[in-house]
Amino acid sequence: MSQPTPRSGTGRQSENAIMASNRDRTGHEAERSMRRWVFLTIVLAWVSTPSGQGQAASQEPEATPQQAQDAPQQPVFRTGVNFVRVDVIVTDDDDNPVTELTIDDFEVYEDDQLQALETFQLVQITPDSLIDDPVRPIRNEFDEEREAARPDVRLFAIFLDDYHVRLGASLRVREPLIEFVESLAPTDMVGIMYPLTSLVDLRMTRNHAAIIEEIKRFQGRKYDYEPRNQFEFQYARAPAMTVEQIRNEVSLTGLRALVTRLGGLREGRKSVILVSEGFTNILPPQMRRTDATQLADPRQQNPFVTSGNPREQAMQMTADLSLQTDLQRLFDGANRANTSIYSLDPRGLASFEFDINEGVSFGSDRNTLNATINTLRSISETTDGYAIVNTNDPRQGLQRAVRDASTYYLLGYNSADAPADGKFHEIKVRVPGHDVEVRARRGFWAMSPEDLERIERTSAAPETPSEVDLALSLLGARRNQRFVQTWIGMGQGDDGLTRVTFVWR
């Protein structure tokens with residue numbers, strides 16, 4: 001659970017790490033043993049059951065044509081570049097959830113145009129629903145995917161942005177975070193991530209004690225530029241403002257990779273607790289060291305010192321625009337992944353951004369503090385989360401994240417206009433005829449023409465390889481690519497026979 005050293009250069013590359021394989025079993029003897037074991041298992045399943053067909057064979061009588069016609073249809077999961085999912089939280093005047101609404105009670109508008117709802121689901125997790133089945137441990141990827149897909153399981157991820165948290169603030173926020181984890185149900189799955197954590201090492205777990213131990217080790221590093229790994233040594237001697245911009249990019253791309261990872265686990269609501277003091281791409285002149293690892297020049301630590309650059313205002317605008325672009329990418333990824341971000345500012349009721357010894361003027365200090373807090377608010381409001389800022393007691397805000405993940409409506413529609421302009425499109429959800437309060441995300445960022453072109457290229461049907469090419473590719477395949485994962489279950493069947501279920505992938 002400790003913070004790993006990055007394996008490949010930058011935080012942006014962690015988005016592709018989810019596709020990396022972590023199975024590396026080799027050896028000729030292991031391969032022969034696996035083949036013998038799979039063969040014997042298949043024979044056992046075939047002999048013990050009247051049917052040996054399919055990936056999950058069991059002793060069940062074949063359905064007659066009439067039975068097949070009367071059988072219930074399997075649910076259809078709609079998806080695509082034009083399909084939009086919206087989590088809607090509906091409460092009454094006393095902030096109690098309203099759960100008796102139907103699909104006909106909702107109206108969803110995209111850019112003020114009424115949309116036709118195609119999917120509707122009420123997700124409601126209560127204490128009674130959490131004790132129906134025994135709690136299963138998360139031992140591997142299969143367990144993680146299976147348990148995350150259960151409707152009575154809530155998913156939470158804690159992003160400890162040590163690059164943007166002061167040391168003192170990180171010590172202060174440990175206790176409320178620990179209490180938050182302790183308040184979760186045993187079935188809830190939790191993950192923890194730092195900006196430089198590889199997605200290969202990220203696991204959603206029910207081992208809440210391990211999560212608490214990791215929180216106890218959390219130490220902020222804001223404005224501390226001492227390099228601690230090979231990646232940070234590469235830019236350690238760069239100017240302080242350059243280092244801050246790199247840290248912003250690493251944190252935001254890591255956060256975007258996290259929400260994408262959660263989006264791949266299931267369709268329902270997911271929650272991220274972002275522990276950060278916010279983001280800014282520019283520093284006041286007093287903090288702009290030419291070498292981030294060197295001590296500041298005492299002559300620069302003066303509130304009246306200015307940069308002397310006539311293009312200071314243009315630099316500010318450029319920095320703000322660059323940061324906004326990175327934030328928009330995060331909004332886009334979180335909305336597509338149906339993940340809400342709850343920003344937690346560990347400074348509490350903050351009055352200053354910089355320490356008094358850093359010599360920053362009160363005006364610059366106030367502007368920077370407001371700018372960082374506004375980024376946290378923007379992240380949460382755009383993703384239908386909640387910004388826990390300007391409060392010395394974040395417990396109420398953290399419990400709101402639990403409450404929001406427990407009762408909500410999941411609506412889905414195909415966008416009538418199917419926008420592909422790369423712009424933000426507003427979403428409004430209404431419940432006419434009911435005196436209720438409705439919360440939903442404000443909108444989504446549509447794909448750009450370049451995004452659609454990229455999807456079409458990757459989804460194009462590949463040419464059928466010739467027999468020679470196929471044979472050569474099999475010869476060049478690694479051994480571990482020819483292994484299978486198997487699961488076997490046994491139970492009592494009809495007529496005294498044993499029911500054997502054999503599943504492989």
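Guide: Let's start with what counts as a ring pair: rings of Phe, Tyr and Trp (its six-membered ring) pair if their centres lie within 6.5 Å, and planes under 30 degrees apart are called stacked, over 60 edge-to-face, and the rest tilted. Bear in mind that this is a predicted model, where local features need pLDDT of at least 70 and side-chain atom pairs count only at pLDDT 80 or more, while totals for chains, interfaces and linings use all residues. Residues are numbered from 1 along each chain as its sequence is written, and side-chain values use heavy atoms, leaving out hydrogens and water.

Searching the whole structure turns up eight aromatic pairs. One of them is Phe 106 with Phe 120, a tilted pair with 6.0 Å from centre to centre and 50° between the planes. Phe 106 sits in the loop between strand 1 (83-91) and strand 2 (107-110), and Phe 120 is 14 residues away in strand 4 (residues 117-124). Helices (H or I, at least four residues) and strands (E, at least two) are DSSP runs, numbered from the N terminus. Phe 106 is buried at 5% relative accessibility, whereas Phe 120 is partly exposed at 31%. Those words have cut-offs: buried is under 20% relative accessible area, exposed is over 50%, and partly exposed is in between, using a 1.4 Å probe and protein chains only. Ring pairs also bring in Tyr 409, making a cluster with Phe 106 and Phe 120.

Now for another pair: the ring centres of Tyr 223 and Phe 354 are 5.7 Å apart with planes at 25°, so this one is stacked. Tyr 223 is in the loop between helix 5 (208-216) and helix 6 (230-233), and Phe 354 is in the loop between strand 8 (339-344) and helix 9 (362-382), so the pair ties together parts 131 residues apart in sequence. Both Tyr 223 and Phe 354 are buried.

On to the charges. A salt bridge needs a side-chain nitrogen of Lys or Arg within 4 Å of a carboxyl oxygen of Asp or Glu, and the whole structure has 34 of them. Lys 222 makes one with Glu 277, with the closest N and O atoms 3.0 Å apart. Lys 222 is in the loop between helix 5 and helix 6, and Glu 277 is 55 residues away in the loop between strand 7 (270-275) and helix 8 (312-336). Glu 277 counts as buried at 1% relative accessibility, and Lys 222 counts as buried at 8%.
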